[in-house]
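Visitor: Hi! Could you walk me through the helix packing in this one?
Guide: Happy to, here it comes.

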Amino acid sequence: MSLFASLGAATLEYSTRERRAALRRPLNLWDSHSLSGSSEGCLSPQHRGQSSSDRASSEDGDEVPSSPGEPRSSVGDVLGLLASLEPLLALTHALALERGTTTGWVASCGTKLAQAAATRRAVTDAALAAAPGDHANLAALLSRCRTSADRDVAAASKGSTSAAEEGAAFVATMGGYNALAYQALAVLSELPACAAATAVSEFAALKETFAQIRGYVTGALLLRDAALAAVHGQVKGSLVIAFHRRRAYARSIRHQTPRRLLRLIGAGLELPAGLAQVVQRLEVECDLVALRATLKPQQWWGLVTAHIDSLETMQHLLLGACARTAQRRAAAVALGAG
C-alpha cells in the first residue's frame, strides 16, 4: 500500500472512532481575497541507495531505476502520467479549500463560513468531474464527509450538542477530509523512481501538510472555549505531527531535488515573515488557547492561504519542467530510432 493510501486509511479509521464517540445566522464571509486562493514520520525518499551514476542522472532530472535490474518507465508512460497529474492535483487544491472552510463552519457551529463552504463544494465537484479516471470511491467518501458536516452543524444550530460533541465533530471532520486528500494523492505512488518524481511527490505532500495545518488552526480559532478545551490535546498532537512532516519534507526536497528544479520551488521551502512568526510560536508552545488571544481567524486564513497559493504556483512550474524534460527525452528516443 502506498504512503498516501496507508495514511488515508489510518486517518479514516481515526475519524470513524471519533464520530462514534460523539452523540451528536446566515454567515458572514471573510473578505473575498482571503477566501479566493487555491488549496490546497512520512518521509520516504527514493534515492538514498543510488549509485554515483544514478545520482548524477538525478541531478539532470532523468529517470533512474528504483532498484537494480528494474526497467525504466517508458517516456510515453511518464508523459501520460504527468498530463493526468495536473487535474488530479487541481482536485487536491479544491479538496483542501473545502476542508478548510468546512471545518471552520463545523467548528463555529454554523456561524461562520457557510457560504464559503457551499461555494467550495461546487468547485470541488467541478474538479472531481474533470479529473481523469474512476473516482467513485472518492466521491462516496466526499459525500459522507459532507453529510456528516451538515448533520453536525444542524445539531449545533439547535443547541442540542455539548462542547465535547462540538469539538469531536470538528476533529472528525478534519479526519474525514484528510483521508480524502491522501486518497486523491495516492496516484503519485505511480510515478517512476527518480529525483524529479520524488520532488513532485514530496512537494505535493508538503503543500498538503500546510493545508492540514490551515484546517486545524482555523478550527481551533473558531471553536468555543469549552469545545477547544475538550479536544486541545488531540488537535495539538495533530499539529505537532504536521509540523514535523513539514520540516522533514522541506529537508528532503532541499537535499534530493535536482538543482534546476530546486530553483523553481526553493522559495516555497521558506515561510513569509508573518506566517513564520505564527508557525514558530505554534512549534515552540502549541498553545492554541493563548493563540486565540492574539490571532484572528481571518488573519490566519489570509497568511496561510497566501503561502499555499504560492506553493500551488510553484507546483505548476515543477510539473511543467518535468513534462518538458520528458518531451525532450521522447524526441531524443524518436531521433535515435530514426
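Visitor: Where is the kink in α9 centred?
Guide: The kink in α9 is centred on Val231 and comes to about 60°. Keep in mind that this is a predicted model.

Visitor: How many residues does α9 have, and what does it reach from its first C-alpha to its last?
Guide: Helix α9 covers residues 225–256, so to speak, with 32 residues in total. From first C-alpha to last it reaches 43 Å, close to the 46 Å expected at 1.5 Å a residue.

Visitor: At what angle do α7 and α9 pack?
Guide: Helix α7 (residues 163–185) packs with α9 at an angle of about 25°, and their axes are 6 Å apart. Since angles under 35 degrees count as roughly parallel, α7 is roughly parallel to α9. The crossing of α7 past α9 is left-handed.

Visitor: Which residues of α7 and α9 make that contact?
Guide: On the α7 side they are Ala163, Ala164, Glu166, Gly167, Ala168, Phe170, Val171 and Tyr182. From α9 come Ala226, Ala227, Ala230, Val231, Gln234, Val235 and Arg245. Val231, where the kink is centred, is one of the contact residues. By class, the α7 and α9 contact has 11 nonpolar, two polar and two charged residues.

Visitor: And α8 with α9, are they roughly parallel or antiparallel?
Guide: Roughly antiparallel. The axes of α8 (residues 195–222) and α9 cross at roughly 155° and come within 9 Å. That crossing is left-handed. Its contact residues divide into 17 nonpolar, five polar and three charged.

Visitor: Switching topic: how far apart are the axes of α5 and α6?
Guide: The axes of α5 (residues 114–130) and α6 (residues 136–157) are 12 Å apart, at an angle of about 170°. That makes α5 roughly antiparallel to α6.

Visitor: Which residues meet there, in α5 and α6?
Guide: Arg121, Thr124, Asp125 and Leu128 of α5 meet Leu138, Ala139, Leu142, Arg146, Ala149 and Asp150 of α6. Five of the residues in this α5 and α6 contact are nonpolar, one is polar and four are charged.

Key
Residues are numbered from 1 along each chain as its sequence is written. This is a predicted model: local features need pLDDT of at least 70, side-chain atom pairs count only at pLDDT 80 or more; totals for chains, interfaces and linings use all residues. Side-chain values use heavy atoms; hydrogens and water are left out. Helices (H or I, at least four residues) and strands (E, at least two) are DSSP runs, numbered from the N terminus. The expected span of a helix is 1.5 Å times one less than its number of residues. The bend at a residue is the angle between axes fitted to the seven residues ending there and the seven starting there. Axes are lines fitted to C-alpha atoms, for helices over the stretch in contact, and angles run from 0 to 180 degrees between N-to-C directions. Angles under 35 degrees count as roughly parallel, over 145 as roughly antiparallel, 65 to 115 as roughly perpendicular and the rest as oblique. A crossing is left-handed if the near helix is turned anticlockwise from the far one by less than a right angle, and right-handed if clockwise. Contact means heavy atoms within 4.5 Å. Ala, Val, Leu, Ile, Met, Phe, Trp, Tyr, Cys and Pro count as nonpolar, Asp, Glu, Lys and Arg as charged, and the others, Gly among them, as polar.
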